[in-house]
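Okay, thanks everyone. Let me put the structure up, and then I'll talk you through a few spots in it.

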Amino acid sequence: MITPIRPGHGDGANGYHVEVPLKDLQPANAADTEAGLTERKRRGRPFQDGNRAAEGRKPMLALLGIAADEVPEPARKDLKRAERYRQRRVREVGCAHGGFCDSGTGAVLGSAALVLASQRQVAAMAFKTGDPALHKLATDLAEKHSQLEIKASFMAKDSAASRPKQTTGLDRLRASLAGKGGAP
């Protein structure tokens, strides 16, 4: 078993780092992805006509937990992009791992989105000023974003493995083809 998280050393001794060789990252399982997409379709979208899942909820006036009126205008634009990115990644990771993204994985993806928004702002300042320290900070933030994405992927995979397996349409199709003598 690979332990993807290790204690930091050197300059990063005060934290933990994700360290996984690319060959050890497993691609999403097609059956889990199909099950996740089926489950999302069954649940519908919260603000779609006829779906009462979000009835009575007030709109969230914060971006990734940060009040929009507390942020200067240029950063607000980046936070909106980060929020859209977070929502998309939660959907993608959830669909890739059986249709569900637990709150821990969602929190890590939210942090990754904030780090990415910060990285974009720092990179813009670095290119504008030519400051090498800002370029290094932008690179470090990009690496941190990558680490958080890998961590979220492992968390989603572990969470999916702990949930009971559900029969998917793909499983039923394979069973019916196997019963008829067809190829799986």
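Look at histidine 97 to begin with, in the loop between α2 and α3. (Helices here are DSSP runs of H or I with at least four residues, strands are runs of E with at least two, and both are numbered from the N terminus.) Is histidine 97 buried or exposed? It counts as buried, because its relative accessibility is 13%; buried means under 20% relative accessible area, exposed means over 50%, and partly exposed is in between, with a 1.4 Å probe and protein chains only. If we leave aside neighbours within four places in sequence, histidine 97 is in contact with Asp32, Ser153, Ala156, Lys157, Ala160 and Arg163, where contact means heavy atoms within 4.5 Å.

Before I go on: this is a predicted model, so local features need pLDDT of at least 70 and side-chain atom pairs count only at pLDDT 80 or more, while totals for chains, interfaces and linings use all residues. Residues are numbered from 1 along each chain as its sequence is written, and side-chain values use heavy atoms, with hydrogens and water left out.

Now α2 itself. Its 24 residues should span 34 Å at 1.5 Å a residue, and the end C-alpha atoms are 35 Å apart, which agrees; the expected span is 1.5 Å times one less than the number of residues. Buried residues of α2 include Ala75, Asp78, Leu79 and Glu83. After the helix comes glycine 98, with a positive phi near 95°. Valine 71 is buried at 10% relative accessible area, and apart from residues up to four places away in sequence it touches Ile66, Arg76 and Leu79.

On to charges. How many salt bridges does a search of the whole structure find? Seven, taking a salt bridge as a side-chain nitrogen of Lys or Arg within 4 Å of a carboxyl oxygen of Asp or Glu. Arginine 89 has one with glutamate 92, with the closest N and O atoms 2.7 Å apart. Those two are three residues apart in helix α2 (residues 73-96), so about one helical turn separates them. Arginine 89 also meets glutamate 149, at 2.8 Å from N to O. That pair links distant parts of the chain, since glutamate 149 is in helix α4 (residues 132-162) and arginine 89 in α2, 60 residues apart. Glutamate 149 counts as buried at 13% relative accessibility, whereas glutamate 92 is partly exposed at 35%.

Within α4, aspartate 140 and lysine 136 pair up at 3.1 Å, N to O, four residues apart, about one turn of the helix. Aspartate 140 is partly exposed at 38% relative accessible area, and lysine 136 is exposed at 53%. Back to the arginines: salt bridges that share partners join Arg88, Arg89, Glu92 and Glu149 into one network.

Last bit, the packing. What has the most contacts inside the largest nonpolar core? Val93, Leu109, Val122 and Leu148, in a core of 15 residues. (A nonpolar core is a set of buried Ala, Val, Leu, Ile, Met, Phe, Trp, Tyr and Cys residues joined through side-chain atoms within 4.5 Å.) The elements giving two or more residues to this core are α3 (103-129) and α4, and α3 gives the most, seven residues.
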